[in-house]
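Subject: Structure handover

Hello,

Here is the structure I said I would pass on. My notes follow below it, starting with a single residue and then moving to the whole chain.

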Amino acid sequence: MDTPLTSRFSTVAFLGLGAMGFPMAGHLAARSRETGGRTLVWNRTPGRAEAHAAEFGSVAVTLQEAAGADLIVSCLPTSAEVDEVLDAVLGQLTPGSVWVDCTSGHPDAAPRQRDQLRTAGVRFVDAPVSGGTAAAKSGTLTVMVGGPQVEVEAVRPHLAFAGKLVRVGDTGAGFAVKAVNNALLAVNLWAAGEGLAILGLHGVQLGAALEVINASSGRSNTTENLIPQRVLTREFPATFGLGLLAKDAGIALDMAETARGSAPVIAQVTALYRAAARVIGAQEDHTAALKLIEQMNGVELK
Ligand code: NDP
C-alpha cells in the first residue's frame, strides 16, 4: 500500500535553477512567503542558488537538505540528469512527499522513476512546462501533467508558476505531450525558415513577406513571434537551447518508433536539428537552427 500523502506541503524544494528553474522557483518562494512555508533551492553550481536566495528570499541548501522537503520540484535538461539526482537522494526522501518533475523528460523514464520513488514512499508526477522564459518569469506557464488524479490535485495549488495546468493522462503523458508540442515547434520553425530562404533567394523583402504570411494561412507562432523577434533582428537571444529542442524532437521520434508508427517529417526534422546543434552550437538559441538553412542556401534571413 502507498504511504499516505502529506496533506500540507509546507517545505518545498526546487532542484535546477537554469533559465526556467530560476524564475519558476521564484514563484514558489513568493507563495511560501504568503503561506508561511519555506522554499529550499538547490543547483549543481551553488552560486546560482545563493543568487536565488538573495533575490527571492528562498533558502540555498545542499542536495541532501533539499531531499527532506514535502514537495520536490525538478527542472533539469533531460531525464538522465533527473535519474542521477534521484539516485543520489533516494535514501533521504520523506515518505508521503511528492516529486514533480518539470523537465521535458522522456515518457519511458516516468514509470521507472515513479516505481523507484515508490520504494521510498514518495509519489511522482511528470509536469513539463511550456511558454518559455517569459512565461516562467510572469508565472503563466502551461503545465501538462501526467499522473494519478489525486496526486495531480494535491500538488496543483502549490505550482505557483502555472497559468494553466492540465492533467493529460497517467504517468508519462505529460512528457509525451511536451515532446510532441516541441516537435511541432521544430517542424514549424524549420519550415518557415526554408520558406523565407526561398523568398530571400528570389529577392523578396522578408519583413513584407512575413506581414502577408501572418495575415494568411501559413502563419504560426514562429512566423508571428520567433522569427521577427529573434532571427530578422539577428539577436538570437539564448533562452531555449538548440540542443534541448533537438532532444525534444528526438523524444517524439522515439515515441513513434516504440509504437511502430510512421512520422517521416519528425524524423527528418530531428536529424536537421541534431545537425544544427553540432554545426551551429547546442547552447545557441533554438532559433539559431535557421543559420544552418542560411548556410545551405547562401542567404541571410534579415
Ligand atoms: P538550462 O540549461 O538553462 O539549465 C539547466 C539546469 O540543469 C541548470 O540548473 C544546470 O545546473 C542543471 N544541470 C545540468 N546538468 C546537471 C546535472 N548533471 N546534475 C544536476 N544539475 C544539472 O535549461 P533550461 O532551464 O532552459 O531547461 C530545463 C528544462 O526545461 C529542459 O528539459 C528544457 O527542455 C525545458 N524547457 C525549457 C524552456 C526554455 O525556454 N528554456 C521552455 C520549456 C521547457 P548548472 O547551473 O550547474 O549548469
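Which residues does Thr 133 touch, not counting residues up to four places away in sequence? They are Ala 19, Met 20 and Thr 239. Please keep in mind that this is a predicted model. Thr 133 lies in helix H6, which covers residues 132–138. Its relative accessibility is 12%, and since buried means under 20%, Thr 133 counts as buried.

Now the chain as a whole. The protein chain has 302 residues, and 51% of them count as buried. There are 13 helices and 9 strands. The C-alpha atoms fill a box of roughly 65 × 45 × 30 Å along the principal axes. A compact globule with 302 residues would have a radius of gyration near 19 Å, and the 20 Å of this chain agrees with that. Among contacts with a separation of 6 or more, 70% come from residues 24 or more positions apart.

As for the surface, the protein chain exposes about 13,300 Å², and carbon and sulfur atoms supply 54% of this area. The charged side chains number 24 positive and 28 negative, and the centres of the two sets lie 3 Å apart.

The largest nonpolar core has 36 residues. Those with the most contacts inside this core are Ile 227, Val 231, Leu 242, Tyr 273, Leu 290 and Leu 301. Six helices each supply at least two residues of this core: H8 (173–201), H9 (206–213), H10 (221–231), H11 (242–258), H12 (264–279) and H13 (290–297). The largest share, 10 residues, comes from H8. Another core, of 31 residues, lies apart from the largest one, and its members include Phe 9, Met 24, Phe 161 and Leu 165.

Gly 16 is found in the loop between strand E1 (11–15) and helix H1 (21–35). Is Gly 16 buried or exposed? With a relative accessibility of 4%, Gly 16 counts as buried. Not counting residues up to four places away in sequence, Gly 16 touches Gly 21, Trp 42, Asn 43, Cys 75 and Leu 76. Gly 16 and Lys 137 are 121 residues apart along the chain, and their C-alpha atoms are separated by 15 Å.

Phe 236 lies in the loop between H10 and H11. Its phi is near 40 degrees, a positive value in a residue other than glycine. Phe 236 has 9% relative accessibility and so counts as buried.

Arg 260 is placed in the loop between H11 and H12. The phi of Arg 260 is near 55 degrees, again a positive value in a residue other than glycine. What is the relative accessible area of Arg 260? The value is 78%, and because exposed means over 50%, Arg 260 is exposed.

Regards

Notes:
Residues numbered from 1 in each chain as written. Predicted model: local features only at pLDDT ≥ 70, side-chain atom pairs only at ≥ 80, totals over all residues. Heavy atoms only, no water. Helix = DSSP H or I, 4+ residues; strand = E, 2+ residues; numbered from the N terminus. Rg over C-alpha atoms; globule rule 2.2 N^0.38 Å. Buried < 20%, exposed > 50% of the residue type's maximum accessible area, 1.4 Å probe, protein only. Contact = heavy atoms within 4.5 Å. Areas by Shrake-Rupley, 256 points an atom, 1.4 Å probe, with all protein chains shown as cover. Lys, Arg positive; Asp, Glu negative; His and termini not counted. Charge placed at Lys NZ, Arg CZ, Asp CG, Glu CD. Core = buried A, V, L, I, M, F, W, Y, C linked by side-chain atoms within 4.5 Å.
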